[in-house]
Amino acid sequence: MQFIRSRTLERIILEAPELQDFVLVFADGRRIICESKDYGKPIRHPKIKEILDNLIKNKHLTNKDEILIIANRFSQEVKS
């Protein structure tokens, strides 16, 4: 939550329809689209692809957006 004190952070959207768990919206139009996962197993590439495919399918990405996936564990293949 390093952006909470940022003067350019305009709002936080929680559980936006067809987006992810929360979205940080900045004054310059930039957004950080955040997906948080708490799985018993480490997150692997197929799950990351599913998250990205859903965002692309719903046409909610712009060239100013960033995607942040938050998880308690990632597989070794994802880390490398």
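**What the labels rest on**

Author: Let me begin with strand 2, where five of the five residues are buried, so strand 2 is largely enclosed by the rest of the structure. Please keep in mind throughout that this is a predicted model.

Reader: What makes both faces of strand 2 count as covered?

Author: Phe22, Leu24 and Phe26 lie on one side and Val23 and Val25 on the other, and all of these are buried. In a regular strand the side chains alternate between the two faces of the sheet.

Reader: Which residues form the largest nonpolar core, and why is it called a nonpolar core?

Author: The six residues are Leu9, Phe22, Leu24, Phe26, Ile32 and Cys34. The name applies because a core of this kind is a set of buried residues of listed nonpolar types, joined through side-chain atoms within 4.5 Å. Strand 2 (22-26) and strand 3 (31-37) are the elements that give two or more residues to this core, and the largest share, three residues, comes from strand 2. In soluble globular proteins, nonpolar side chains tend to be buried together.

Reader: How do you know that strand 1 and strand 2 are paired?

Author: Two strands pair if at least two bridges are found between them, and strand 1 and strand 2 have five bridges, in the antiparallel sense; the bridge partner of Ile13 in strand 2, for instance, is Val23. Strand 2 and strand 3 also pair in the antiparallel sense, over four bridges, with Val25 standing opposite Arg31 in strand 3. In the hairpin of strand 2 and strand 3, which has four residues between the strands, Gly29 takes a positive phi near 90°.

Reader: In what sense do strand 3 and strand 4 run, and how many bridges join them?

Author: Strand 3 and strand 4 run parallel and are joined by six bridges. Cys34 stands opposite Leu68 in strand 4, while the bridge partner of Glu35 in strand 4 is Ile69. Strand 3, helix 1 (residues 45-57) and strand 4 make a right-handed β-α-β unit.

Reader: What is the order of the strands in the open sheet, and why do some of them stand at the edges?

Author: The four strands have the order 1-2-3-4, with mixed pairing. Strand 1 (9-14) and strand 4 stand at the edges because each has a single partner strand, so one side of each is left without a neighbour in the sheet. Neighbouring strands of this sheet are turned by 20° against each other on average, direction ignored.

Reader: Which residues does Ile69 touch, if those up to four places away in sequence are not counted?

Author: Ile69, found in strand 4 (residues 66-71), touches Glu35, Ile48, Ile51 and Phe74 on that count. As for Ile43, 26 residues apart from Ile69 along the chain, the two C-alpha atoms are separated by 9.9 Å.

Reader: What share of the chain is buried?

Author: Buried residues make up 30% of the 80 residues.

Methods. Residues are numbered from 1 along each chain as its sequence is written. This is a predicted model: local features need pLDDT of at least 70, side-chain atom pairs count only at pLDDT 80 or more; totals for chains, interfaces and linings use all residues. Side-chain values use heavy atoms; hydrogens and water are left out. Buried means under 20% relative accessible area, exposed over 50%, partly exposed in between (1.4 Å probe, protein chains only). Contact means heavy atoms within 4.5 Å. Axes are lines fitted to C-alpha atoms, for helices over the stretch in contact, and angles run from 0 to 180 degrees between N-to-C directions. A crossover is right-handed if, with the strands pointing away from the viewer, the path from the first strand over the helix to the second runs clockwise.
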